[in-house]
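Please read it with the model open.

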Amino acid sequence: MEPLLDVRNLKVEFKIDKKWVAAVEDVHFQLKAGETLTIVGESGCGKSVTAMSMLRLLPKTTAQISADEILFQGRDISKLSDTEMTKIRGQGIGMIFQDSMTSLNPVKTVGKQLDEAFLVHGSVDPAEVKQASINLLREVGISSPEQRYKEYPHQLSGGMRQRVMIAMALAQQPAIIIADEPTTALDVTIQAQILELLKKLQEKSGSAIILITHDMGVVAEMADRIIVMYAGMFVECSPTKDLFTNPLHPYTRGLLTAIPRKDMDIDRLNVIEGTVPTLTDMPKGCRFYDRCESRMERCKNELPPLYTRGESSVRCFLFDAKDGE
Amino acid sequence: MVSDLNSQKNDIIQVKNLKTFFYGKKKFLQRERPVVKAVNDVSFSIRQGETFGVVGESGCGKSTLGRTVIQLLKPTEGQVLYKGLDLSTLSADQMRDLRKEIQIIFQDPYASLNPKMTVRELIQGPLDVFSNDSRSDKLAKVRKIIAAVGLREADLRKYPHEFSGGQRQRIVIARALILNPEFIFCDEPVSALDVSVRAQVLNLMKDIQADLDLTYMFVSHDLSVVRFICDRVAVMYLGKIVEIADKHALFEEAKHPYTEALLSAIPVPDVNVKRQRILLEGDLPSPYNPPSGCQFHNRCRYATKYCSVAEPALTQVDGEHYVACHRYSAPEKMKTVS
């Protein structure tokens, strides 16, 4: 079956001190219909930038996006004009942002903003739009939606605002929903509610979800497949079960053992020594070289390509047929 | 009283019926000023050398509790005893002297370091205020402490913006340690850090605690981190402690329905773990208008009529395990009273 989304060689550059610096490069992935793909990594690794660039949500003056192809439902959206792109946003690919307080308009009622989501693309008759909005608010689990429809964002709690954001993304019934850290600003009990809601809605609508998060726990719970990013590159892409039972890349292995657990006693956490290299000063070879426990001579000057291992791919010379297993 | 039952000779901090209220403005036709009972009748004690965790969701009063304990906020009522000394009776001078022994690590290492000061000035600051050491003695102390937290000699001349978040938190920790404190209040010290860096800082905090025989009060919303670093844990909900226990008892046999739900809500980074999630309905109630009786009754799956009428007291259930729930203190009444 043809993938819903097929990204080939995506690269995003930012202008820093009059020079173009690559924040994200060599990004390839495919997304199947109905699948949940998570992109996980630490702050600054480029996970949000990857998502935003696909929808061209980055400022043109400071960001430059290039890709061989971004095929969405068989159509290359990387070459579309801005007006054509507007149609893709929302309708084809919807987005849920992390911070609902700054993403919603504070001077418009929740209902008005939701109405807008319906009206922009003219999918609902203006006379019925209010009812459609109220129904959708009910569907995302907001109690007394008729009342909430008339309220402003600041009158809602963080969890409820995030539900409104989800409703806005759903209004267009997109084929793909990109959720950028949708629960990071929420408390755990509310996070549990929102994750449950996302799963339920996905089952119902069959949308594919690209979930961006830094929380390995959320990943284990939600993902079908996982992409691990480090310093602007994919280092590993594996099915969820494989990644947690048999992580391939040294970074993934380190990351998984650096997390404290609620269900077991750990005396000392595993530590990945050092810090992430900065954008402007990326090493020539493997970007994880300085911090890697299994580094080899060639890693220093040579950038490893993505090697395929079963259903996984990994960017590490350990998996090169010549050197590795 | 719980604090009496629980108190031992080696307690460094004893908190007795502590209350911290915040008052809002009186509105037109309102009889009384609205009040938020951020910390409402809380009692516990912290032992020498242990890490005492306080967990809860945002707005439950955990930071306010910590700040009241170290007297950054004046308590509305109640007592905080530090080594048997009632802190509220101390004069300003006495309190100032005591500050050497009581330090704080804040959450945000970006906001808690003055951007115009070098690392040396930042770490040496407390010494300049409190000690009469010579310049070279001070520098020697600073050098010793930065080695202990894993910073380099060359870092002393740098400014905070030249460091990553994890490095900055090391500077904050070094500054807190320079006066040889005995008790450190840590307010979400690793919440702003990434996973790999968080592990470094958590290990460091454990190491220096063992080396220097420190006592921590560790406030966090992240229960996984709390399990890693704490010895005993208190769970707060709307300004009250609903459960206190040894960490094993709390994580393996949580008694309070809120603790159960809170624990079950945390996603585990493991695909082989079976999930039995207890989903809580609704949001945290407004602290201006908390529910009657047991404050958790409107979200509790065991609640009966009795819970909305009577407030449960913190009761000992097992050894050092205390819980505020009628299921343990008055199970018969829960069934009969209607």
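**Notes on the two-chain model**

1. **Core.** The largest nonpolar core counts 189 residues. Ala167(A), Ile176(A), Ala174(B), Met217(B) and Val235(B) have the most contacts inside it. Helix H7 of chain A, residues 158-170, gives the most to this core: eight residues. Keep in mind that this is a predicted model. As general background, nonpolar side chains tend to be buried together in soluble globular proteins.

2. What does Val235(B) touch, leaving aside residues up to four places away in sequence? The list is Val55(B), Gly56(B), Ile241(B), Val242(B), Glu243(B), His256(B), Tyr258(B), Thr259(B) and Leu262(B).

3. **Sheet of chain A.** Eight strands form an open sheet in chain A, ordered S7-S8-S9-S3-S10-S11-S13-S12. The pairing is mixed. Strand S7 (93-96) and strand S12 (307-309) of chain A are the edges, each pairing on one side only. Neighbouring strands are turned by 20° against each other on average, direction ignored.

4. **Strand S9 of chain A.** Is S9(A) mostly covered or mostly open? It is mostly covered, with six of its six residues buried. Ala208(A), Ile210(A) and Ile212(A) point one way from the strand. Ile209(A), Leu211(A) and Thr213(A) point the other way. Both of these sets are buried.

5. **Partners of S9(A).** S3(A) pairs with S9(A) in the parallel sense over five bridges. Here Thr38(A) has Leu211(A) as its bridge partner. S8(A) also pairs with S9(A) in the parallel sense, over five bridges. There, Asp180(A) has Ile212(A) as its bridge partner. The chain runs from S8(A) through H8(A) to S9(A), a right-handed β-α-β crossover.

6. **An antiparallel pair.** Which sense applies to strand S10 (225-230) and strand S11 (233-239) of chain A? They pair in the antiparallel sense over six bridges. Ile227(A) stands opposite Cys237(A) of S11(A).

7. **Helix across the sheet of chain A.** Helix H1 of chain A, residues 47-54, lies across strand S3 (36-40), strand S8 (176-180), strand S9 (208-213) and S10 of chain A. Its angle to S9(A) is about 145°.

8. **Positive phi in chain A.** Most residues other than glycine have a negative phi. Two residues of chain A deserve a look on this point. Ser144(A) has a positive phi of about 40°. Ser144(A) is in the loop between helix H5 (129-139) and helix H6 (145-149) of chain A. Why does Ser144(A) count as exposed? It counts as exposed because it has 10 C-beta neighbours inside 10 Å, and the cut-off for exposed is 12 or fewer. Glu181(A) also has a positive phi, near 45°. Glu181(A) is in the loop between S8 and helix H8 (188-205) of chain A. With 19 C-beta neighbours inside 10 Å, Glu181(A) counts as partly exposed, because buried needs 20 or more.

9. **Sheet of chain B.** Chain B has an open sheet of eight strands, ordered S6-S7-S8-S3-S9-S10-S12-S11, with mixed pairing. Its edge strands are strand S6 (102-105) and strand S11 (315-318) of chain B, each pairing on one side only. The twist averages 20° from one strand to the next. S6(B) pairs with strand S7 (183-187) of chain B in the parallel sense over four bridges. The bridge partner of Ile102(B) in S7(B) is Phe183(B).

10. **Helix H2 of chain B.** H2(B), residues 62-69, is mostly covered, with seven of its eight residues buried. Among them are Lys62(B), Leu65(B) and Val69(B). H2(B) lies across strand S3 (51-55), S7, strand S8 (215-220) and strand S9 (232-237) of chain B. Its angle to S8(B) is about 155°. Just after H2(B), Gln71(B) takes a positive phi of about 65°.

11. **Interface.** How many residues of chain B are in contact with chain A? There are 33, and they meet 38 residues of chain A. Helix H7 (195-212), helix H8 (223-229) and helix H10 (257-265) of chain B each supply at least two residues of the side of chain B that touches chain A. H7(B) gives the largest share, six residues. By class, this side of chain B has 19 nonpolar, eight polar and six charged residues.

Definitions and conventions:
Residues numbered from 1 in each chain as written. Chains lettered and ligands numbered in written order. Predicted model: local features only at pLDDT ≥ 70, side-chain atom pairs only at ≥ 80, totals over all residues. Pairing = 2+ DSSP bridges. Axes fitted to C-alpha atoms, helices over the stretch in contact; angles between N-to-C directions. Contact = placed C-beta atoms within 7 Å. Nonpolar A, V, L, I, M, F, W, Y, C, P; charged D, E, K, R; others polar. Core = buried A, V, L, I, M, F, W, Y, C linked by C-beta atoms within 7 Å. Right-handed = clockwise from strand over helix to strand, strands pointing away.
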